[in-house]
Amino acid sequence: MPKTRYVIETGTIAGDAWMAGGFHEAINAADPDVALSSVRPALNSMGYRDSDGNYVRVLDPEKHEIARLPLDEAFWSA
(Lines give C-alpha, C1' and ligand atoms only; values in the text may rest on other atoms or scores of the structure.)
Protein backbone atom coordinates (compact mmCIF):
# COMPACT_ATOMS: atom_id res chain seq x y z
CA MET A 1 0.00 0.00 0.00
CA PRO A 2 1.47 3.41 -0.97
CA LYS A 3 2.20 5.96 1.71
CA THR A 4 -0.09 8.98 1.53
CA ARG A 5 0.84 11.11 4.55
CA TYR A 6 2.27 14.47 3.48
CA VAL A 7 3.35 17.28 5.81
CA ILE A 8 2.64 20.98 5.35
CA GLU A 9 4.72 23.30 7.50
CA THR A 10 5.40 27.00 7.59
CA GLY A 11 8.66 28.73 8.41
CA THR A 12 11.25 31.24 7.36
CA ILE A 13 14.49 31.02 5.45
CA ALA A 14 17.74 32.25 7.00
CA GLY A 15 20.44 32.03 4.34
CA ASP A 16 20.05 28.49 3.04
CA ALA A 17 18.58 27.12 6.28
CA TRP A 18 14.92 26.34 6.86
CA MET A 19 13.64 27.58 10.23
CA ALA A 20 10.38 25.90 11.21
CA GLY A 21 7.45 28.13 12.09
CA GLY A 22 4.31 27.60 14.11
CA PHE A 23 2.18 25.66 11.62
CA HIS A 24 2.80 21.95 11.10
CA GLU A 25 0.06 19.62 9.88
CA ALA A 26 -0.09 16.22 8.23
CA ILE A 27 -2.55 15.57 5.42
CA ASN A 28 -3.50 12.52 3.42
CA ALA A 29 -3.12 12.87 -0.34
CA ALA A 30 -3.03 10.37 -3.18
CA ASP A 31 0.03 11.96 -4.82
CA PRO A 32 2.24 15.08 -4.74
CA ASP A 33 -0.07 17.08 -7.02
CA VAL A 34 -3.01 16.54 -4.68
CA ALA A 35 -0.82 17.43 -1.69
CA LEU A 36 0.30 20.68 -3.35
CA SER A 37 -3.26 21.65 -4.27
CA SER A 38 -4.21 21.14 -0.61
CA VAL A 39 -1.72 23.66 0.81
CA ARG A 40 -3.81 26.85 0.60
CA PRO A 41 -7.05 25.20 1.83
CA ALA A 42 -5.16 23.54 4.70
CA LEU A 43 -3.57 26.80 5.80
CA ASN A 44 -6.96 28.55 5.65
CA SER A 45 -8.88 25.90 7.55
CA MET A 46 -6.30 24.73 10.08
CA GLY A 47 -5.41 28.00 11.75
CA TYR A 48 -2.41 29.52 9.91
CA ARG A 49 -1.40 32.93 11.30
CA ASP A 50 0.99 35.46 9.73
CA SER A 51 3.31 34.95 12.68
CA ASP A 52 3.75 31.26 11.68
CA GLY A 53 6.23 32.15 8.92
CA ASN A 54 6.45 33.63 5.45
CA TYR A 55 7.14 30.37 3.56
CA VAL A 56 5.41 27.03 3.38
CA ARG A 57 6.93 23.72 2.39
CA VAL A 58 5.48 20.31 1.65
CA LEU A 59 7.23 17.09 2.62
CA ASP A 60 6.46 13.75 1.01
CA PRO A 61 5.77 10.60 3.07
CA GLU A 62 9.54 9.93 3.29
CA LYS A 63 10.04 13.51 4.63
CA HIS A 64 11.72 14.82 1.45
CA GLU A 65 10.83 18.39 0.54
CA ILE A 66 8.78 18.48 -2.67
CA ALA A 67 7.89 22.19 -2.67
CA ARG A 68 8.77 25.44 -0.94
CA LEU A 69 6.59 28.45 -1.64
CA PRO A 70 6.63 32.06 -0.41
CA LEU A 71 3.45 33.05 1.40
CA ASP A 72 3.10 36.24 -0.58
CA GLU A 73 0.22 37.97 -2.34
CA ALA A 74 0.63 35.78 -5.43
CA PHE A 75 0.28 32.62 -3.31
CA TRP A 76 -2.94 33.77 -1.63
CA SER A 77 -4.53 35.13 -4.82
CA ALA A 78 -3.70 32.16 -7.09
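1. Aromatic pairs. Counting rings whose centres lie within 6.5 Å, the structure has two aromatic pairs. One of them is Phe 75 with Trp 76: the ring centres are 4.8 Å apart and the planes meet at 85 degrees, so this pair is edge-to-face. An angle over 60 degrees is what that label requires. Bear in mind that this is a predicted model.

2. Trp 76 has a relative accessible area of 31%, so it is partly exposed.

3. Confidence. The mean pLDDT of the protein is 94. Residues at 70 or more make up 99% of the protein. Confidence is highest in strand E3, at 97. It is lowest in helix H3 (residues 73-77), at a mean of 94.

4. The sheet. In what order do the four strands lie? The order is E2-E1-E3-E4, in an open sheet with antiparallel pairing. E2 (17-28) and E4 are the edge strands; each has a single partner, so one side of each is left without a neighbour in the sheet. From one strand to the next, the twist averages 20 degrees. As background, strands of a sheet pair through backbone hydrogen bonds.

5. E3 and its partner E1. Strand E3 covers residues 55-59, and four of its five residues are buried. Its pairing with E1 (residues 5-14) is antiparallel and runs over five bridges. Thr 10 stands opposite Val 56 in E3. Gly 11 has Tyr 55 of E3 as its bridge partner.

6. E3 and its partner E4. E4 spans residues 65-70 and pairs with E3 in the antiparallel sense, again over five bridges. Leu 59 faces Glu 65 of E4 across this pairing. The two strands form a hairpin with five residues between them. Within the turn, Lys 63 has a positive phi of about 70 degrees.

7. Glu 9, an acidic residue to check. One joins the side chain of Trp 18 at 3.1 Å. The other reaches the side chain of His 24 at 2.9 Å.

8. The surroundings of Glu 9. Which residues does Glu 9 touch, leaving aside neighbours within four places in sequence? The contacts are Trp 18, Phe 23, His 24, Tyr 55, Val 56, Arg 57 and Leu 59.

9. Lys 3, for contrast. Lys 3 sits in the segment before E1. It is exposed, because its relative accessible area is 56% and the cut-off is over 50%. Beyond neighbours within four places in sequence, Lys 3 is in contact with Pro 61 and Glu 62. How far is Lys 3 from Ala 17, which lies 14 residues along the chain? Their C-alpha atoms are separated by 27 Å.

Key
Residues are numbered from 1 along each chain as its sequence is written. This is a predicted model: local features need pLDDT of at least 70, side-chain atom pairs count only at pLDDT 80 or more; totals for chains, interfaces and linings use all residues. Side-chain values use heavy atoms; hydrogens and water are left out. Buried means under 20% relative accessible area, exposed over 50%, partly exposed in between (1.4 Å probe, protein chains only). Two strands pair if DSSP finds at least two bridges between them. Contact means heavy atoms within 4.5 Å. pLDDT is the predictor's confidence in each residue, from 0 to 100. A polar contact is a pair of N or O atoms within 3.5 Å; within protein, one must be able to donate a hydrogen and the other to accept it, and residues adjacent in sequence count only if both atoms are side-chain atoms. Axes are lines fitted to C-alpha atoms, for helices over the stretch in contact, and angles run from 0 to 180 degrees between N-to-C directions. Rings of Phe, Tyr and Trp (its six-membered ring) pair if their centres lie within 6.5 Å; planes under 30 degrees apart count as stacked, over 60 as edge-to-face and the rest as tilted.
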